[in-house]
Amino acid sequence: MKKKITLKQIARELDVSISTVSKSLRDSSEIGEETRLKVQAFAKFYNYKPNNIALSLKNRKSKAIGIIIPEIVHHFFSTVINGIEQVANEYGYSVIICLSDDSFDKEVLNMEMLANGSIDGFIMSLSKETQFKGDFHHITEVINQGMPVVMFDRVTNEILCDKVIIDDKSAAYEAVQSLIDNGKKKIALVTTVDYVSVGKLRTDGYVKALLDNGIPFDENLIIKIEDVDTCEIIISKLLQDKAIDAVFAVNELFAVTCIKTANKMGIRVPEDLSVIAFTDGIISKYSTPTITTVSQNGIKMGNKAAKMLIDRLESEEDEEENYKTEVIETHLIERESTN
């Protein structure tokens with residue numbers, strides 16, 4: 001039995017563009033007869049079956065972009081959406097937003113639903129469960145049918161597509177280095193589970209900063225939180241059992257929970273405990289004390305992701321192999337939670 005072949009593979013084998021293959025299979029008069037017949041014969045020999053949903057999308061320009069995000073709780077994701085909308089509206093595109101709720105199944109359903117709703121391309125950040133499973137077939141299938149995908153923040157090296165990220169490892173290193181420069185020696189890390197790509201990279205940056213400064217790495221000072229609802233209990237145990245002088249949190253929800261828990265225990269922030277978080281959101285600006293953060297610049301990330309996708313949608317060239325990864329710069333915003 002012959003292996004299932006995709007539009008992309010046919011295009012590569014015959015050294016033509018995906019667009020040429022697609023038009024040839026629809027018997028479009030835009031393509032010369034010789035090429036058309038060659039493509040059709042090749043497709044027939046390999047029993048090519050089109051993905052009708054994806055194909056109909058590609059042929060019907062809807063001027064709509066599908067956005068899939070893992071959650072809406074974090075201020076970061078809402079700023080990315082704002083950034084995407086700014087550029088999309090400027091170019092006459094509308095956006096449709098779906099939440100995966102960090103579920104693999106919901107992410108797959110979102111992609112199918114958005115495809116059914118005539119989307120020209122996707123901008124997405126992977127769910128925790130998708131990263132845990134390492135199953136990206138739903139994304140591969142869409143890309144193989146010629147529909148562009150841009151990933152941001154939570155990305156994977158398994159998929160070849162355009163990506164927009166920050167240098168999570170370097171940003172975490174810089175944050176921890178600032179704590180060390182202020183005389184902190186026992187720095188805890190409050191992070192996500194390892195399979196979430198950004199959490200893993202931020203952990204790597206934390207460890208490197210400690211070791212580069214001759215501070216022994218103690219894995220007991222790293223707590224990995226799966227569920228935000230139970231994080232207060234885990235954090236209070238950390239503060240109770242370990243004589244720590246600083247906390248580096250991978251998001252502002254973890255950071256504000258650390259401050260709240262410390263206050264309940266009579267630990268003063270920043271006098272007894274310094275706290276730094278990732279993501280410069282509303283919580284960081286209005287908590288008491290205000291929180292020192294690593295700015296991720298979600299607006300800029302959204303702007304860049306939308307521009308990359310629209311450039312690909314509107315390009316006449318077949319550039320599917322020239323994928324780019326854009327790195328957005330970060331900086332530390334110092335506030336009252338550090339001294």
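What percentage of the 339 residues in the protein is made up of buried residues? Buried residues account for 54% of the 339 residues, where buried means under 20% relative accessible area, exposed over 50% and partly exposed in between (1.4 Å probe, protein chains only). The structure is a predicted model, in which local features need pLDDT of at least 70 and side-chain atom pairs count only at pLDDT 80 or more, while totals for chains, interfaces and linings use all residues. Residues are numbered from 1 along each chain as its sequence is written, and side-chain values use heavy atoms, with hydrogens and water left out.

The protein contains 14 helices and 12 strands; helices (H or I, at least four residues) and strands (E, at least two) are DSSP runs, numbered from the N terminus. The C-alpha trace spans about 80 × 45 × 30 Å along its principal axes. Of the contacts with a separation of 6 or more, 74% are accounted for by residues 24 or more positions apart, a contact being heavy atoms within 4.5 Å.

On β4 (residues 149-152), which runs parallel to β3 and is joined to it by three bridges, Val149 stands opposite Phe122. In a regular strand the side chains alternate between the two faces of the sheet. In β3 (residues 121-124), Gly121 and Ile123 point one way and Phe122 and Met124 the other way, and all are buried. Strand β5 (residues 162-166) runs parallel to β11 and is joined to it by four bridges, with Lys163 opposite Thr325 of β11.

A further open sheet is formed by six strands in the order β7-β6-β8-β9-β10-β12, with mixed pairing. Its edge strands are β7 (222-224) and β12 (331-333), each of which pairs on one side only. Neighbouring strands of this sheet are turned by 20° against each other on average, direction ignored. Strands β9 and β10 (residues 292-295) run parallel and are joined by three bridges, and Ile276 stands opposite Thr292 in β10. Helix α12 packs on the sheet, where it touches β6, β8 and β9, and its direction makes about 160° with that of β9.

Helix α12 (residues 252-264) has 13 residues and should span 18 Å at 1.5 Å a residue, which agrees with the 18 Å between its end C-alpha atoms; the expected span is 1.5 Å times one less than the number of residues. Its buried residues include Leu253, Phe254, Cys258 and Ile259. The buried residues of α12 pack against α5 (75-90), β6 (187-191), α11 (231-241), β8 (246-249), β9 (274-278) and α13 (282-286). The N-terminal end of α12 is capped by Asn251, a side-chain oxygen of which lies 3.2 Å from the backbone nitrogen of Leu253. Gly266, with a positive phi near 80°, follows α12.

Helices α2 (residues 18-25) and α3 (residues 33-45) pack at an angle of about 85°, with their axes 9 Å apart. Helix α2 is therefore roughly perpendicular to α3, a term that covers angles of 65 to 115 degrees, whereas those under 35 count as roughly parallel, over 145 as roughly antiparallel and the rest as oblique. The contact involves Thr20, Val21, Ser24 and Leu25 of α2, and Thr35, Arg36, Val39, Gln40 and Ala43 of α3.

Several loops have backbone features of note. Val269 and Pro270 are joined by a cis peptide bond with omega about 10°, and Pro270 lies in the loop between α12 and β9. The Thr288 to Pro289 peptide bond is also cis, with omega near -5°; Pro289 is in the loop between α13 and β10. Thr279, a residue other than glycine, has a positive phi near 80°. Thr279 is located in the loop between β9 and α13 and is buried, with a relative accessible area of 9%. Phi of Asn297 is positive, near 50°. Asn297 lies in the loop between β10 and α14 (298-314) and counts as partly exposed at 30% relative accessibility.

Note on methods
Polar contact = N/O pair within 3.5 Å; in protein donor to acceptor, adjacent residues only side chain to side chain. Pairing = 2+ DSSP bridges. Axes fitted to C-alpha atoms, helices over the stretch in contact; angles between N-to-C directions.
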